[in-house]
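Visitor: I have just opened my first structure of this kind. Could you walk me through some of its parts, one question at a time?

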Amino acid sequence: MRSRRLTRWLFVAPALAYLLAFFGYPLVRNVVMSFQEFTPRTYFTGEAPFNGLDNWRRVFDNDLFGDALWQTILFTVGSLAGQFTLGLALAVFFSRRFRLSGFVRAILLLPWLVPMVVSAVVWRRIMDEDHGVLNSFLGTVGLSSDGVPWLSSPSVALLSAILVNIWIGIPFNMVILYGGLQEIPRELYEAAALDGASPWRTFRSVTLPLLRPVVTVVLVLGFMSTIKILDLILALTGGGPADSTQTLGTLTYQLSFLQLDFGQGAVVGNVLILISAVFAVLYLRVNRADLRAGK
Amino acid sequence: MRSRSGRRAAPAVALALAGAVTAAGLSGCAAEPDPGTVTVLNSATDTAEHEANQDFFDRCAEPLGLRVEQVSVPADQVASKALRMASSDSLTDILELDGSELPQFAETDGLRPIDEVGVDTSGLSDSANALGSHDGVQYGVARSVNSLALVYNTALLAEAGLEPPATWEELETTAAALTQGDTYGMAFSASPNADGVYQFLPFFWSAGGDEARLDDGAGAPALQLWKDLVDDGSASRSVVNWNQQDVNDQFISGRAAMMINGPWQVPVLSAQDDVDWAVASIPVPEAGGDPVPPIGGTVMAVPRNDGDREREENAGRVLTCLNSEENQLAWGERVNNVPTRASAAAAYREQNPELAPFADLVLTARSRTGEVGTRWPVVETALAGAFQSVLTGRQSPDDALGTAQRQATAGE
């Protein structure tokens, strides 16, 4: 009996050790760091004196923090809404087999394969106000004669960043949702057709409810990767113009790696962790409710 | 039988796995380098640059019976890499940092004052020594330095019958006159990072701006000048996105008749035949005034190594050799930067007349960290915020500098 319990624990041990070493330790370290005066000196002397709530106060007093938080929310919500809607539409579209559908679907995966920084650099050229392809195109079809200041106006730049991120995120959403659609039994659609359900009604009453577990996974994964966005913004706008595309990710980067104030950087990092944790808990509860309901 | 042996094997597998995970976490400690080797951390990731550096290191190390090994990481990662190395006691014997990063390291007491390892810097220019100093102590030595100047398209200016502008007023009229069709009169970098700030400083400082008191009113005309250039259409509104590389691209493609840029662009400019170019001094607010551009470049410092002073001495010997007149001149020509030894700088000026404005500009150039020291990164961020919000029409120059000053001194 005892050896059995021991065996059980030994099976758990690798996972536990891994979690503690690579998740637990950095997490605790980051929280502790946010209460310390952690500067370049710390790396040489190993001393990081505790300074209470100083870091937190300074971050919350920084006007940029509020802006960055709000812009992070806008960026995340906008990106997820766009990625998900377009990804789902494409997944539904491709779930009907037609000639070349596999080929076109494969092509649509390309944005996913291109490294984020490369995409951002290319989009920076496309969205150039004077010579970008996008403005030339809009000018040619007569939609805009002046040229849209995609990246050079603070009122447009965040929208541009969201559009680029939507473009990057569509393939991921499409692939996972397409997989989910394949799992839905054909008979249900046949039954719906026999009952005379319209395509919209079929989508609402058959597709969506059965796709729900996949939808939550896609949204949660999308949320996690979008909320901490850094590389895309750095390469596309560098947080500008006039801080209009600063997010919590770029703010942490600025505080920790440009100003070398690791304590303040850790504060912003902790805020990000907290937001992610709230969503992770929500996801678990939704999942548990689904399980209990027998879905 | 099978199931039993399987069960017995299970704890062993689990144990082995747990052990492997722990072992993975503990490995990765650096070995002590060989005593005859001097290690260097720098940003020479480009193959040609790496080899050029090695060439000069070998030239100096071989007669001393030493070997030099470079560890190169991208420029913006040198500081964080050095910090990580410091925390594991594996810092290199020579640390090549950007001049603006030196105070952060000097402040930690982790660097040895450069004269204590036998490097004599008395023959180097004052501006170069300022670049390597913190709180009056010299920690770093700069082999060569750079600054910013006005680069112009000789054909376009000749066509319009114009001379390169010497004052701000001339800059505005010349840029307006040169703006035609697809070509802007002027290009500069106003990106919200070190590039944009580096380019803003010659205007800010020449106007009398003070980085310790951003809101004293003296720097506002510099912001107004940039704003006017963009509002008049003489410069693209995209300058807020352009780094210095983008500015050079615009110039080479003929979309800008003049630009602000540094000597590191010379190889790219020389390698193309589309645009004929020449270099002029930075325009100043009033005729006859001295331009005050920032001084840039890297400095080499020697981290403290109390356990093995011999290594520090070796590093010092290599540095002394690298900074001989002959080596400085050869290095300056190799990287198109101005040597810091007065005699070498004079020879450089003579041999490269087309780059003479750079050689003159570094004489009046100022170090970014001379006045604010370790606070520079915060001031830099605040200044970037100021010109970005002025150029995008969010704030007036005076308001923007007021905001910047508050940001730069927050928490003090």
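Visitor: In which helix is the place of A:Leu27?

Guide: This is a predicted model, where local features need pLDDT of at least 70, side-chain atom pairs count only at pLDDT 80 or more, and totals for chains, interfaces and linings use all residues. Residues are numbered from 1 along each chain as its sequence is written, while chains are lettered from A and ligands numbered from 1 in the order in which they are written. Helices (H or I, at least four residues) and strands (E, at least two) are DSSP runs, numbered from the N terminus. By that naming, A:Leu27 belongs to helix α1 of chain A.

Visitor: Is A:Leu27 buried, exposed or partly exposed?

Guide: A residue is buried if 20 or more other C-beta atoms lie within 10 Å of its own, exposed if 12 or fewer, and partly exposed in between, with C-beta atoms placed from the backbone. A:Leu27 has 15 other C-beta atoms within 10 Å, so it counts as partly exposed.

Visitor: How many Å apart in space are A:Leu27 and A:Leu291?

Guide: In sequence, 264 residues separate the two. In space, taken C-alpha to C-alpha, A:Leu27 and A:Leu291 are apart by 30 Å.

Visitor: Which element gives the largest share of the side of chain A that touches chain B?

Guide: Contact here means that the C-beta atoms of two residues, placed from the backbone, lie within 7 Å. On that basis 36 residues of chain A are in contact with 37 residues of chain B. Elements giving two or more residues to chain A's side are α1 (2–33), α2 (40–45), α3 (54–61) and α13 (248–258) of chain A. The largest share, nine residues, comes from α1(A).

Visitor: How many residues on that side of chain A are nonpolar?

Guide: Ala, Val, Leu, Ile, Met, Phe, Trp, Tyr, Cys and Pro count as nonpolar, Asp, Glu, Lys and Arg as charged, and the others, Gly among them, as polar. The side of chain A that touches chain B has ten polar and seven charged residues, and its nonpolar residues number 19.

Visitor: How far apart are the end C-alpha atoms of residues 265–286 of chain A?

Guide: An unreviewed UniProt entry lists this stretch among its "transmembrane region" features for chain A. The span is 100% helix and 0% strand, and its end C-alpha atoms lie apart by 32 Å.

Visitor: Turning to chain B, which element gives the most to the side of domain 1 that touches domain 2?

Guide: The domain bounds, which come from an automatic or database domain assignment, are 37–146 + 295–364 for domain 1 and 149–294 + 372–408 for domain 2 of chain B. Their contact takes 17 residues from domain 1 and 20 residues from domain 2 of chain B. On the domain 1 side, α4 (102–106) and α15 (356–364) of chain B give two or more residues. With five residues, the element that gives the most is α15(B).

Visitor: Which residue stands opposite B:Met186?

Guide: The partner is in β11(B), the strand of residues 256–261. Opposite B:Met186 stands B:Met258.

Terms used
UniProt positions are given in the numbering used here, feature names are shortened, and annotations may be inferred rather than shown by experiment. Two strands pair if DSSP finds at least two bridges between them.
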